[in-house]
Amino acid sequence: MDRTFGLGEFVFLLKAVPWTILLSLGAMLGGGVLGLIISVARIAPLSPIRWLATGYIEVFQGTPVLMQLFIIYYGLAVLVGVQVDAWIAVLVAFTLYAGAFLGDIWRGCLQAVPRQQWEAAASLSMSYLKQLRYVIVPQAARIAIAPTVGFLVQLIKSTSIAAIIGFVELTRAGQLMASATFQPMIVYPIVAGMYFLICRPLTSLASIFERRSHAATGTKWYF
Amino acid sequence: MNYVFQFNVIWEHLPALLHGVFLTLEMSVMSIGLGSALAMVCAYGQVASSRAIKRLIGGYIETIRNTPVLVQVFVFYFSLPILGLKVSPFAAAVAALTINLGAYACEILRAGIESVPRGQVEAGRALGLSRLQTFRFVIFFPALKTVFPALSSQFILLMLSSSVVSTISAVELTAVTNSLQSTTFRAFEFYFVAAALYLGMSLALKAVMHIVYWLSFERNAPSVG
């Protein structure tokens with residue numbers, strides 16, 4: 001029964017990679033929609049809406065994602081009455097988490113658009129939503145690309161925490177293989193290497209976008 | 001929804017939870033102290049040393065920034081005994097968090113250092129300051145002021161990510177909560193209160209960093225205008 005780390009074990013780890021990617025993309029998509037709403041709410045002209053959005057961001061940025069996972073995992077069970085699938089729980093939790101971070105990042109991007117742009121749009125008798133939709137958001141989106149890709153890296157790394165509630169993604173697969181082979185010193189560096197291969201290209205992409213947007217500032221503001 | 005919330009069980013176990021808070025703060029403060037020291041050394045190395053050392057530090061930062069903290073904790077916990085170091089889970093956790101913070105904080109400090117205009121460095125040298133003095137008074141202090149907000153968010157992030165070290169059986173707030181919920185079967189209530197305690201800690205840490213900022217940069221700053 002002496003199982004050593006071989007090709008089969010490596011393939012097991014490899015097969016867990018799509019789950020990490022799927023969870024990250026799902027949370028990014030859901031969090032993107034939520035984040036857009038929160039970022040707009042965060043700069044809304046009505047102060048109660050702003051406070052609500054600020055409170056949401058503070059709570060989700062001020063608590064560990066592991067606690068959010070536990071609360072949603074057990075909280076959904078309490079609300080629905082039955083134990084929900086771990087996949088649903090982690091997807092909901094990471095969507096809410098991503099929504100808070102993206103909401104805060106994009107709030108900064110929206111505020112980086114000069115005030116005069118709002119005034120110019122208003123003077124063209126655009127409604128508030130039209131000012132936002134046609135004038136502010138397109139300009140903010142340019143600045144937002146680099147930090148958004150940067151956050152995607154953070155999100156991919158955070159999904160490793162889903163392993164703690166037993167969702168089998170890359171880190172959980174690593175834990176399973178480490179305890180099956182008793183070779184954690186081989187398994188975990190390989191797991192780390194796989195994360196590195198996923199995240200590293202995104203990190204360089206983020207810095208390329210960052211350099212480009214710095215170069216673009218001042219010269220090509222409108223497009 | 002037939003679930004009845006029972007928060008009174010929390011009160012009975014409040015001392016245990018508060019002890020967990022203390023352990024989390026202890027772990028965070030140790031990691032922040034050691035990690036900041038590591039970051040300073042690395043940041044100095046990145047701006048003022050040979051190309052080989054720069055490469056080495058760059059590789060370290062890249063590795064840490066592109067892998068999850070949980071996996072780093074595992075690698076550390078299992079590799080320290082192989083190196084012949086018999087350490088407690090708590091010490092292994094502090095070591096892993098220190099290495100983690102060192103990389104992120106170094107990156108932040110480097111960005112701050114690079115924002116200091118080159119002319120100021122030359123001015124410092126021209127005034128007869130030594131290389132180390134120039135680094136300390138002309139580069140490091142203004143750079144620290146610039147990146148202080150980013151650095152404080154990183155510290156808070158570190159405190160929050162310390163919750164994952166319960167997986168290597170290091171005891172802090174999350175581990176305490178885990179064991180309490182498994183004996184009382186009140187998972188939701190305990191995690192809810194623990195999350196509230198974490199929120200309280202991050203707000204407190206934020207306030208402390210504000211005070212530190214004011215004491216170091218604004219109290220004695222010459223007023224302008």
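At what angle do the axes of helix 1 (residues 7-42) of chain A and helix 2 (residues 47-62) of chain A cross? In this predicted model, local features need pLDDT of at least 70 and side-chain atom pairs count only at pLDDT 80 or more, while totals for chains, interfaces and linings use all residues. Residues are numbered from 1 along each chain as its sequence is written, and chains are lettered from A, with ligands numbered from 1, in the order in which they are written.

The two axes cross at roughly 130° and come within 7 Å. Axes here are lines fitted to C-alpha atoms, for helices over the stretch in contact, and angles run from 0 to 180 degrees between N-to-C directions. Helix 1 of chain A and helix 2 of chain A are therefore oblique to each other; angles under 35 degrees count as roughly parallel, over 145 as roughly antiparallel, 65 to 115 as roughly perpendicular and the rest as oblique. Their crossing is left-handed, a term used if the near helix is turned anticlockwise from the far one by less than a right angle, with right-handed used if clockwise. On the side of helix 1 of chain A, the contact is made by Ile38(A), Ala41(A) and Arg42(A). Their partners in helix 2 of chain A are Ile49(A), Arg50(A), Leu52(A), Ala53(A), Thr54(A), Tyr56(A) and Ile57(A), where contact requires C-beta atoms, placed from the backbone, to lie within 7 Å. By class, this contact of helix 1 with helix 2 of chain A has 7 nonpolar, 1 polar and 2 charged residues. Ala, Val, Leu, Ile, Met, Phe, Trp, Tyr, Cys and Pro count as nonpolar, Asp, Glu, Lys and Arg as charged, and the others, Gly among them, as polar.

Turning to the chain as a whole, chain A has 8 helices and 0 strands, these being DSSP runs (H or I, at least four residues, for helices; E, at least two, for strands) numbered from the N terminus. Its C-alpha trace spans about 75 × 45 × 20 Å along the principal axes. Of its 223 residues, 39% count as buried. A residue is buried if 20 or more other C-beta atoms lie within 10 Å of its own, exposed if 12 or fewer, and partly exposed in between. Among contacts in chain A with a separation of 6 or more, 75% involve residues 24 or more positions apart. In the loop between helix 5 (115-123) and helix 6 (128-158) of chain A sits Ser125(A), which has a phi near 60°, a positive value in a residue other than glycine. Most residues other than glycine have a negative phi. Ser125(A) is exposed, with 7 other C-beta atoms within 10 Å.

Chain B holds 9 helices and 0 strands, and its C-alpha atoms fill a box of roughly 75 × 55 × 30 Å along the principal axes. Buried residues account for 40% of the 225 residues in chain B. For contacts in chain B between residues at least 6 apart in sequence, 78% join residues at least 24 apart. Helix 2 (residues 14-47) and helix 5 (residues 89-114) of chain B pack at an angle of about 40°, with their axes 6 Å apart. That makes helix 2 of chain B oblique to helix 5 of chain B, and their crossing is right-handed. The contact of these two helices of chain B has 19 nonpolar, 6 polar and 1 charged residues.

Helix 5 of chain B has 26 residues and reaches 37 Å from its first C-alpha to its last, close to the 38 Å expected at 1.5 Å a residue; the expected span is 1.5 Å times one less than the number of residues. Of those 26 residues, 21 are buried, so helix 5 of chain B is largely enclosed by the rest of the structure. Ala16(B), by contrast, is found in helix 2 of chain B and counts as exposed, with 12 C-beta neighbours inside 10 Å. Leaving aside neighbours within four places in sequence, Ala16(B) is in contact with Val176(B) and Leu180(B). Phe185(B), in the loop between helix 8 (173-184) and helix 9 (187-218) of chain B, is exposed, with 10 other C-beta atoms within 10 Å, and its phi is near 60°.

Finally, the two chains meet: 30 residues of chain A are in contact with 31 residues of chain B. Helix 2, helix 3 (65-80) and helix 8 (184-216) of chain A each supply at least two residues of the side that touches chain B. The largest share of that side, 11 residues, comes from helix 8 of chain A. By class, the side of chain A that touches chain B has 21 nonpolar, 7 polar and 2 charged residues.
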